Each structure stands twice: as structure tokens, then as C-alpha cells.
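Subject: The structure for your first look

Hello,

Here is the structure I promised to hand over. Please open it next to this email and follow along as you read.

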Amino acid sequence: MQFLSPSFTLAEFTVSQEAARRDIDNTPPPWVVENLARLVKTLDEVRAALGNVPILVSSGYRSTALNQAVGGAPNSAHMSGLAADFIAPRFGSPFDVCQAIIRHNIEFDQLIYEHTWVHLGLAPDHKAPRGQILTYRRGVYVPGVVRIEDNKA
Ligand SMILES: [Zn+2]
């Protein structure tokens, strides 16, 4: 088992039910593994900010084929191993997690409150992080972290 940090394994960022179902190879090339290692440094900061609770990654690296299969943005940072979708239920809701990330001044390129999960993306090495914060609500992105009422209907 390959660990990227004491808290995260490489497999947590590459395993995909969708890839398995569609027989898509989601093995990351070495440059992506390097990016994932960078991403994990930030996720370790997030983990510490949340009181060292487990972070459950639902999507990390996506090969081009997998990204297309799941309907990801064509320029998605997931394709370079620089983004993760996750939850941390032992800390709180995705809304709470987003607020904590902002409160702790953790550096990111993009933080998206996706209602049922958090998307955190880093900038490529040669680019300055934008620190962009968005909420995905009713099919559109709006600036900031805007609380979404839980609609369990
Ligand atoms: Zn994402």
C-alpha cells in the first residue's frame, strides 16, 4: 500500500466505482502522483484544522476518460491530481467544513461548497492560487459559501 502521508493512501485518490463499472483505467502517471502528494499536504492541513477527524475522499484523480464519464468540467483539476471531493462527517456538514477551511486560512485555488460534498482544488505549480470560493446551487455557481437548506424530500 502506497501512502502519500500518514493519513492518506494513493488508492484513496484513484479508486472509482464509475471507473470499475465502465472498465476505465484510472492509474495515475508519475506527474499526477506528484501532484496528489502536494494535494495531500493541503488535505493534511484541512484534517488538522478539523481536529484530526477522518477525511473521506469520494473523488480524487480522474483520467480523461473517467472525467468524461462522470461529466466533469473539461478543464477539471481532478484530471491533474490537483483536486479532491470529500466529506468529514465527524467534524460536520460540508458547509461547516468549508467555513473551517476558510477560517484557518488554508491556501487553495478553488473551494466549492457542492452541498453534499466539498471540492478543493490547487493551482498548477507555475500558477498563483486564485483563492476562489463558490457554492454550487440549483445548477449554477454563486460566489462565497452560501448555506443551502437541507432538502431531504
Ligand atoms: Zn471536484
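Which residues are the protein donors of the zinc ion? They are His-78 through NE2, Asp-85 through OD and His-119 through ND1. These donors lie 2.0 to 2.1 Å from the zinc ion. Keep in mind that this is a predicted model.

**The zinc site**

Look at the spacing along the chain. The donor residues follow the pattern H-x6-D-x33-H. Asp-85 sits in strand E4 and His-119 in strand E6. The two are 34 residues apart, so this pair links distant parts of the chain.

Are these two buried or exposed? Asp-85 has 5% relative accessibility and therefore counts as buried. His-119 has a relative accessible area of 7%, so His-119 is buried too. The cut-off for buried is under 20%.

Now step back to the strands. Six of them form an open sheet, in the order E3-E4-E6-E5-E7-E8. The pairing is mixed. Strands E3 (56-59) and E8 (140-143) are the edges, and each pairs on one side only. Neighbouring strands are turned by 30 degrees against each other on average, with direction ignored.

H2 touches E4 and E6, and its direction makes about 30 degrees with that of E4. H4 touches E4, E5, E6 and E7, and its direction makes about 155 degrees with that of E5.

**Strand E5 and its partners**

Which way does E5 run relative to E6? The two are antiparallel, joined by four bridges. E5 and E7 (residues 132-137) are joined by four bridges as well, but they run parallel.

Gln-110 shows both pairings. On the E6 side, Gln-110 stands opposite Gly-121. On the E7 side, Gln-110 stands opposite Gln-132.

In a regular strand the side chains alternate between the two faces of the sheet. See it in E5: Gln-110 and Ile-112 point one way, while Leu-111 and Tyr-113 point the other. All four are buried.

**Two hairpins**

E5 and E6 form a hairpin with four residues between the strands. In this hairpin, His-115 takes a positive phi near 75 degrees.

E7 and E8 form a hairpin too, with two residues between them. Arg-138 in that turn has a positive phi of about 50 degrees. E7 and E8 run antiparallel and are joined by four bridges. Tyr-136 stands opposite Tyr-141 in E8.

**The nonpolar core**

The largest nonpolar core has 35 residues. Phe-13, Leu-36, Leu-39, Val-46, Phe-86, Ile-101 and Leu-120 touch the most other members. The elements that give two or more residues are H2 (30-49), E4 (83-87), H4 (94-103), E5 (110-113) and E6 (118-121). Which element gives the largest share? H2 does, with eight residues.

Take Val-46 as an example. Neighbours within four places in sequence aside, Val-46 is in contact with Ile-55, Phe-86, Ile-101, Ile-106 and Leu-120.

**Back to the helices**

H4 has these buried residues: Pro-94, Phe-95, Val-97, Cys-98, Ala-100 and Ile-101. They pack against H2, E4, E5 and E6. An α-helix has 3.6 residues a turn, so residues three or four places apart point the same way. Just after H4, Asn-105 takes a positive phi of about 55 degrees.

Asn-35 has a relative accessible area of 13%, so Asn-35 is buried. What does Asn-35 touch, not counting residues up to four places away in sequence? Its contacts are Ser-80, Gly-81 and Leu-82.

Start with the zinc site, then trace the sheet strand by strand.

Best wishes

Key: Residues numbered from 1 in each chain as written. Predicted model: local features only at pLDDT ≥ 70, side-chain atom pairs only at ≥ 80, totals over all residues. Heavy atoms only, no water. Core = buried A, V, L, I, M, F, W, Y, C linked by side-chain atoms within 4.5 Å. Buried < 20%, exposed > 50% of the residue type's maximum accessible area, 1.4 Å probe, protein only. Contact = heavy atoms within 4.5 Å. Pairing = 2+ DSSP bridges. Axes fitted to C-alpha atoms, helices over the stretch in contact; angles between N-to-C directions. Donors = N, O, S within 2.8 Å, 3.2 Å for Na, K, Ca; no water.
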